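Biologist: I have a new model open. Walk me through how to read it, one feature at a time.

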Amino acid sequence: MYIPPAFRETDQPFIQETMHAAGLANLVTATANGLMCTPLPLFLEEHEGDMGTLYGHVAKANPQWKAPPVGEAMAIFMGPDAYVTPSWYAGKSLDGKVVPTWNYVAVHAYGPVEFFENADLLLDVVTRLTERHEASRPRPWAVNDAPPEFIQAQLRGIVGVRLPITRIDAKRKMSQNRNSKDRANVKAGLSESDDVREHQVAALIAE
């Protein structure tokens with residue numbers, strides 16, 4: 001990922017929060033037959049390894065896990081993002097030399113991906129993913145709400161994913177390359193939107 005110095009993010013808590021908050025990641029592997037990518041939920045085990053370890057699962061019918069990866073795998077997490085209109089820049093009325101852009105947060109985590117079929121570990125991964133995404137619901141569904149034999153049958157249809165993180169590229173592009181007036185105008189414009197995601201972007205723009 002191309003990251004100009006002004007946009008490079010190094011704050012570890014912010015990076016981890018971006019990964020935790022992403023509902024869906026993309027797992028990318030290079031193989032002898034080309035690139036392969038699967039959208040899937042992943043969770044970060046922060047205290048496993050120097051930089052944390054990612055866990056998730058793919059369908060057993062998915063060919064990605066059967067194709068030996070060439071080099072590292074990459075997991076892509078996207079944070080808040082929003083279109084930025086040049087109409088918010090002071091330069092529009094001065095000389096017109098302004099163009100649109102996009103503000104966003106992105107985290108790319110790299111490491112040697114492993115695929116596993118251990119039933120106990122798969123059950124743990126599925127349980128933890130479920131608890132994470134059901135926690136905010138008024139009546140959370142739990143894996144053990146379903147019959148054990150049904151869950152065991154479902155587990156036979158998936159393969160676990162483990163990715164120990166060896167390096168991370170993180171980017172927070174939030175109008176840092178604009179002057180303070182332009183940043184304030186972008187922040188105000190996004191804050192007036194009805195889109196919750198645009199409000200999240202506005203909150204990340206420095207005064």
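**Reading strands, a helix and a core**

Modeller: S7 and S8 pair in the antiparallel sense over three bridges. Strands (E, at least two residues) and helices (H or I, at least four) are DSSP runs, numbered from the N terminus. Two strands pair if DSSP finds at least two bridges between them. Within this pair, Phe116 stands opposite Gly160 in S8.

Biologist: What should I keep in mind about the model itself?

Modeller: This is a predicted model, where local features need pLDDT of at least 70, side-chain atom pairs count only at pLDDT 80 or more, and totals for chains, interfaces and linings use all residues. Residues are numbered from 1 along each chain as its sequence is written, and side-chain values use heavy atoms, leaving out hydrogens and water.

Biologist: In what order do the strands of the open sheet run?

Modeller: The order is S3-S4-S8-S7, with antiparallel pairing. Strands S3 (43–45) and S7 (114–116) are the edges, each pairing on one side only. From one strand to the next, the twist averages 30°. Angles run from 0 to 180 degrees between N-to-C directions, and axes are lines fitted to C-alpha atoms, for helices over the stretch in contact.

Biologist: Which strands pair with S1?

Modeller: Take S2 (residues 34–40): seven antiparallel bridges join S1 to it. The two form a hairpin with two residues between them. Thr31 stands opposite Gly34 in S2. S1 also pairs with S5, antiparallel, over three bridges. There, Val28 stands opposite Met74.

Biologist: Is S1 enclosed or open, and what does buried mean?

Modeller: Buried means under 20% relative accessible area, exposed over 50%, partly exposed in between (1.4 Å probe, protein chains only). Five of the seven residues of S1 are buried, so S1 is largely enclosed by the rest of the structure.

Biologist: Which residues of H5 are buried?

Modeller: They are Asp182, Arg183, Val186, Lys187, Gly189 and Leu190. Seen down the axis of H5, they fall within an arc of 165°, so they line one face of the helix. The arc is that of the directions from the helix axis to the C-beta atoms. These residues pack against S5, S6 and helix H6 (196–204).

Biologist: And how do I read a nonpolar core?

Modeller: In soluble globular proteins, nonpolar side chains tend to be buried together. A core here is a set of buried Ala, Val, Leu, Ile, Met, Phe, Trp, Tyr and Cys residues joined through side-chain atoms within 4.5 Å. Of the 23 residues in the largest one, Met19, Leu54, Phe77, Ile165 and Ile168 touch the most other members.

Technical notes:
Contact = heavy atoms within 4.5 Å.
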